[in-house]
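Dear colleague,

Please find the structure below, handed over for your records. My findings follow it.

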Amino acid sequence: MILRQSIRFLLSCSLLSVSSAIYAQGHDHDGDDQSGNDQTHEEVIQDSHDQDIHSHTADGHDSHSACGHHEEGYDPKATAMHHISDANVYTISDFIRIPLPCILYHKEKGWDFFMSSKFHPGHHDDGHYAYNGYVMHMGGIKRVKDSNFPIDGEVEIGGFTTKTKEVDGKEREEAYICYHKEQLLLEDKTVWDMGIFGGAITSFYDLSITKNVMSMILIFLLFFFLLRAAAKGYATRKGMAPKGVQSFLEPVILYIRDEVAVPFIGEKRYEQFLPLLLSIFFFILGLNLWGQVPFLGGTNVTGSLTVTMVLALLVFIISNVSGNKHYWQHLFWMPGVPTAVKPLLALIEVMSLFIKPLTLMLRLAGNITAGHIAILSFIGLIFIFGDSGKNMTGGIIGAVLSTLLTLFMMAIELIVAFIQAYVFTLLSASYIGAAVEEHEHH
Amino acid sequence: MTGTLAAIGAGLAVIGAGIGIGQIGGKSVEAIARQPEASGDIRGAMILMAAFVEGAALIAILLSIFFAG
């Protein structure tokens, strides 16, 4: 019995190894492209210097080298970063790409609406065509800065090259496309981060339905119908035992109510905040789990700082708006302590007021992103051991090793998905509870 | 060089958080062993405290990401 079970386990393990090796095959090329681009940047610069001489003598050769010559190599960091970032195309595998709607606004040209299939994305989610002056590079939309570039309709373009440039002591990556043997600088979309993550206000805004937004819509619809079905069950089957999805959701909702909402917010006011807490919990849990689904999901929605920032801001605003007199008194003029200490305490309290949503935002994003990066690194082991396809034995050992490690990591991530959703809800409840708490006497 | 220093800083922050969360976890398990009927309350307090410690460590890690450039 045990023997049969262990054989079955080994068989399924080896099956998973093979599938993960195939899955990662596409990523191997992606890594190649990326690192090839990085390594050749000096060569490319040289090329553009003596382009005049070259273009007269050897036409084909020149265009090839100007568009980036691909070298063998694997860059785990670049691959991991590409896979955790948002994209304008839903890439399930190298053969199946679901186009997503692009909504772009340019200061002079105005609005642009089209599907991202116009870019004809290929390997590494790089588009083979430019559309209305926009191009797709690594899944994100960029704009060609050159004024001579045609800004209407589809235009076939060459490969992408990236160069690292130092601006104010910080290294920044600049992307170029190859068009008619010329290198044209690309412009990133506008990012309002005050330059913290290298974003700036550029000539266009990207308001597209991206991969992350699409995942959020899907999870929203899923939970909308699930929870509605459960709610309907209570109306139609009043007084009877729960059935179907009802019996799955009831213990979770009861747990949030009895272990989170009631003890932290209190018997009197918990009902007012319970819908908020349940929404936060199911939204985060659903997206955490959706991010764990290989191939189909793998989206890093709750690991994106933007999403968690909005959630944290929501909790921050709601808890402060519902704060009562005692809450604000404790914040600025703590009762029961010597007057000399009061300003100092107020300073600390005001600081903690802003640190609370900050940590709320960072904790969720950090935990989920860390899990994704760990899994991607383990898959990257296949290429490091296999030397990017040169070493077959090493590749097989790497595949087996990475499968076991990835399975282990995914099991942990499954727990983390629940814990982080729970912790976010719990802390939200405790912040709201601190704001609405009634103080009887001092 | 700054990147290396930032990485060392992030590592040091993780050591601090590790000690903190380890203390919380160890003491909570001890407390649950002493009084199993209070395990629900203790677990809730444990997760809350661990989240606070983790928050401090995350601020350190964020700062190190900023200064890594």
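How are helix 6 of chain A and helix 7 of chain A oriented to each other: roughly parallel or roughly perpendicular? Before the answer, please note that this is a predicted model.

Helix 6 covers residues 211–236 of chain A and helix 7 covers residues 245–265 of chain A; their axes lie 9 Å apart, at an angle of about 95°. An angle of 65 to 115 degrees counts as roughly perpendicular, and helix 6 of chain A and helix 7 of chain A are therefore roughly perpendicular to each other. The contact is made by Leu226(A), Leu227(A), Ala229(A), Ala230(A) and Gly233(A) on the side of helix 6 of chain A, which meet Val245(A), Gln246(A) and Leu249(A) of helix 7 of chain A. By residue class, this contact of helix 6 with helix 7 of chain A has six nonpolar residues, two polar ones and no charged ones.

Buried residues in helix 6 of chain A are Lys211(A), Asn212(A), Ser215(A), Met216(A) and Ile219(A). The buried residues of this helix pack against strand 1 (89–91) and helix 8 (270–290) of chain A.

Chain A has 442 residues, of which 35% count as buried. Considering contacts in chain A between residues at least 6 apart in sequence, 64% join residues at least 24 apart.

I turn next to the sheet. Three strands of chain A, in the order 4-3-12, form an open sheet with antiparallel pairing. Strand 4 and strand 12 of chain A are the edge strands, each pairing on one side only. On average, and with direction ignored, neighbouring strands of this sheet are turned by 20° against each other.

Within the sheet, strand 3 (residues 101–106) of chain A pairs with strand 4 (residues 110–115) of chain A in the antiparallel sense, over six bridges. One pair of bridge partners is Tyr105(A) and Trp111(A), the latter in strand 4 of chain A. Three residues lie between strand 3 and strand 4 of chain A, and the two strands form a hairpin. Strand 3 of chain A also pairs with strand 12 (residues 204–206) of chain A, in the antiparallel sense and over three bridges. Here His106(A) stands opposite Phe204(A) of strand 12 of chain A, and Leu104(A) stands opposite Asp206(A) of strand 12 of chain A.

A second hairpin deserves mention. Strand 6 of chain A and strand 7 of chain A form a hairpin with two residues between them. Strand 6 of chain A pairs with strand 7 (residues 140–144) of chain A over four bridges, in the antiparallel sense. The bridge partner of Val135(A) is Lys142(A) in strand 7 of chain A. Strand 6 itself comprises residues 134–137 of chain A: Tyr134(A) and Met136(A) point one way, Val135(A) and His137(A) point the other way, and all are buried.

Which residues other than glycine have a positive phi, among them one near 50° and one near 55°? Asn132(A) has a phi near 50°, and Met138(A) has a phi near 55°. Asn132(A) is placed in the loop between strand 5 (129–131) and strand 6 of chain A. With 18 other C-beta atoms within 10 Å, Asn132(A) is partly exposed. Met138(A) is in the loop between strand 6 and strand 7 of chain A, and counts as buried because 21 C-beta neighbours lie inside 10 Å.

Finally, is Phe354(A) buried or exposed? Phe354(A) belongs to helix 11 (residues 342–385) of chain A. Phe354(A) has 10 other C-beta atoms within 10 Å and is therefore exposed. Phe354(A) and Ala399(A) are 45 residues apart along the chain, and their C-alpha atoms are separated by 45 Å.

With kind regards

Note on methods. Residues are numbered from 1 along each chain as its sequence is written. Chains are lettered from A and ligands numbered from 1 in the order in which they are written. This is a predicted model: local features need pLDDT of at least 70, side-chain atom pairs count only at pLDDT 80 or more; totals for chains, interfaces and linings use all residues. Axes are lines fitted to C-alpha atoms, for helices over the stretch in contact, and angles run from 0 to 180 degrees between N-to-C directions. Angles under 35 degrees count as roughly parallel, over 145 as roughly antiparallel, 65 to 115 as roughly perpendicular and the rest as oblique. Two residues are in contact if their C-beta atoms, placed from the backbone, lie within 7 Å. Ala, Val, Leu, Ile, Met, Phe, Trp, Tyr, Cys and Pro count as nonpolar, Asp, Glu, Lys and Arg as charged, and the others, Gly among them, as polar. A residue is buried if 20 or more other C-beta atoms lie within 10 Å of its own, exposed if 12 or fewer, and partly exposed in between; C-beta atoms are placed from the backbone. Two strands pair if DSSP finds at least two bridges between them.
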